[in-house]
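Here is a short tour of one protein model, written to be read alongside the coordinates. Keep the viewer open and follow the side chains as they come up.

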Amino acid sequence: LLENLVDMGRSIQIVTGPAGTGKSTYCKTIQDHCAATNRRLFVGNIDPAAEEFKYEASFDIKSIITVDEVMEQMSYGPNGGLVYCMEFLLEHSDWLKDELDQFGDDDYIVLDCPGQIELYSHLPIMRNLVRLLEMWGYRVVSVYLIDALFVLEPSKFISGCLLSLSCMMQLEVPHVNIVTKVDLADREELENILNSEGAWMLNLLEGGSGASGVSVSSGETQTTVGKRLNNLTRALSSIVDDYMLVSFLLLDITDEDTVQDIMSFTDNCIQYDEDVEPREPRDMDTDYEEMK
């Protein structure tokens with residue numbers, strides 16, 4: 001394993017994050033960007049519950065197993081079915097290796113992963129998958145997506161930060177957090193939030209509804225509950241702020257610069273450019289003839 005880690009030059013980006021954060025759209029955006037810049041990038045789907053995806057998939061786990069089949073044949077629910085499918089993938093990892101072996105050393109692979117957060121937070125399935133990829137000679141970078149609309153709500157944003165932190169610690173690979181759907185939100189407000197510390201979010205909580213909607217037991221006042229919850233929020237925020245463990249890049253699919261920034265950042269995480277063989281420049285005369 002150590003020899004593989006020293007010599008490996010192939011690269012894989014695994015795209016993670018809760019359902020609905022735009023993983024499929026992210027993969028499509030990255031694929032289109034690389035096609036426009038003459039970069040060889042291929043996307044594979046390992047989400048057995050994905051009904052459709054916008055990108056061109058080079059391989060698809062649904063060719064060997066689907067959540068619907070598992071639910072029907074084994075009477076599992078959606079979550080149990082998804083976990084079973086991912087365990088099935090690990091047991092039949094030769095299928096994945098065969099699919100990956102069709103690509104060259106300089107090809108960049110993106111894996112569209114399931115959105116069930118348990119797979120990254122406390123179940124070892126995705127961590128074991130990452131270890132397999134490393135053993136096969138791949139540098140792996142994890143990309144975690146969070147919806148921009150969640151960032152605008154302090155309680156959801158703090159929750160997203162903690163989930164991202166849990167994913168990063170479980171997978172133990174270079175990790176990049178990305179805020180998606182920026183084109184649907186107020187970008188200036190997003191940047192203000194992401195550049196602030198936890199105290200900013202606490203001010204919103206204390207100045208807003210606070211603990212409204214929380215049931216209060218006998219002997220407790222709403223003020224007491226709100227103060228206790230704010231103290232908890234402050235403690236959670238300090239985990240992220242004090243150690244600078246979580247930071248975010250912005251993805252606006254209408255802004256090519258944000259896409260390039262993300263690719264540059266992920267490339268740097270795994271030193272992708274250092275191992276890519278230089279290519280012959282295209283003949284400008286040939287390009288001109290093709291344009292006629």
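## A buried aspartate and its partner

Aspartate 107 is buried, with a relative accessible area of 6%. Please keep in mind that this is a predicted model. The side chain of aspartate 107 meets that of arginine 40 in a salt bridge, at 2.6 Å from N to O. Arginine 40 is partly exposed, at 40% relative accessible area. Aspartate 107 belongs to the loop between α5 (93–100) and β4 (108–112), and arginine 40 to the loop between α2 and β2, so this pair ties together parts that are 67 residues apart in sequence.

## Overall make-up

Stepping back for a moment, the protein has 15 helices and seven strands. Of its 292 residues, 44% are buried. If we take contacts between residues at least 6 apart in sequence, 76% of them join residues at least 24 apart.

## Two nonpolar cores

Which residues have the most contacts inside the largest nonpolar core? They are Ile14, Leu96, Leu100, Leu111 and Leu133, in a core of 35 residues. Helix α7 (residues 125–135) supplies the largest share of this core, with six residues. A second, separate core has 21 residues, including Cys34, Leu145, Val176 and Ile262.

As for helix α7, its buried residues are Ile125, Met126, Leu129, Val130, Leu132, Leu133 and Glu134. Glycine 137, which follows α7, has a positive phi, near 100°.

## Tryptophan 136

Tryptophan 136 lies in the loop between α7 and β5 (138–147). Is tryptophan 136 buried or exposed? Its relative accessibility is 14%, so tryptophan 136 counts as buried, the cut-off for buried being under 20%.

Not counting residues up to four places away in sequence, the contacts of tryptophan 136 are Arg10, Ser93, Leu96, Lys97 and Leu100. One of these, lysine 97, is 39 residues from tryptophan 136 in sequence, and their C-alpha atoms are 8.0 Å apart.

## Rings and charges

A pair of aromatic rings is described by the distance of the centres and the angle of the planes. The model has seven aromatic pairs. One of them is edge-to-face: tyrosine 76 and tyrosine 84, at 6.0 Å centre to centre with 70° between the planes. Tyrosine 76 is partly exposed, at 36% relative accessible area, and tyrosine 84 is also partly exposed, at 28%. Elsewhere, ring pairs link Phe42, Phe59, Trp95 and Phe103 into a cluster.

The charged end of arginine 39 is placed over the ring of tyrosine 108, 4.7 Å from the ring centre. Lysine 156 lies over the face of phenylalanine 150, with 5.0 Å to the ring centre.

Side chains of opposite charge can pair when their charged atoms come close. How many salt bridges are there? The count comes to 11. Lysine 28 and aspartate 32 form one of them, with 3.3 Å between the closest N and O atoms. These two residues are four apart in helix α2 (residues 23–36), so about one helical turn separates them. Both ends are partly exposed, lysine 28 at 28% and aspartate 32 at 37%.

Another bridge pairs arginine 187 with aspartate 255, at 3.2 Å between the closest N and O atoms. Arginine 187 is in helix α10 (residues 187–194) and aspartate 255 in the loop between β7 (248–250) and α13 (256–269), so the pair ties together parts 68 residues apart in sequence. Arginine 187 is partly exposed, at 30%, as is aspartate 255, at 22%.

## An aspartate without a bridge

Aspartate 47, in the loop between β2 (41–45) and β3 (57–60), is buried yet has no salt bridge. Its nearest side chain of opposite charge is lysine 23, 6.0 Å away. Setting aside residues up to four places away in sequence, aspartate 47 touches Ile61, Lys62, Leu82, Asp112, Cys113 and Pro114.

Note on methods. Residues are numbered from 1 along each chain as its sequence is written. This is a predicted model: local features need pLDDT of at least 70, side-chain atom pairs count only at pLDDT 80 or more; totals for chains, interfaces and linings use all residues. Side-chain values use heavy atoms; hydrogens and water are left out. A nonpolar core is a set of buried Ala, Val, Leu, Ile, Met, Phe, Trp, Tyr and Cys residues joined through side-chain atoms within 4.5 Å. Buried means under 20% relative accessible area, exposed over 50%, partly exposed in between (1.4 Å probe, protein chains only). Contact means heavy atoms within 4.5 Å. Rings of Phe, Tyr and Trp (its six-membered ring) pair if their centres lie within 6.5 Å; planes under 30 degrees apart count as stacked, over 60 as edge-to-face and the rest as tilted. A charge sits over a ring if NZ of Lys or CZ of Arg is within 6 Å of the ring centre and within 35 degrees of the ring normal. Lys and Arg count as positive and Asp and Glu as negative; His and the chain ends are not counted. A salt bridge is a side-chain nitrogen of Lys or Arg within 4 Å of a carboxyl oxygen of Asp or Glu.
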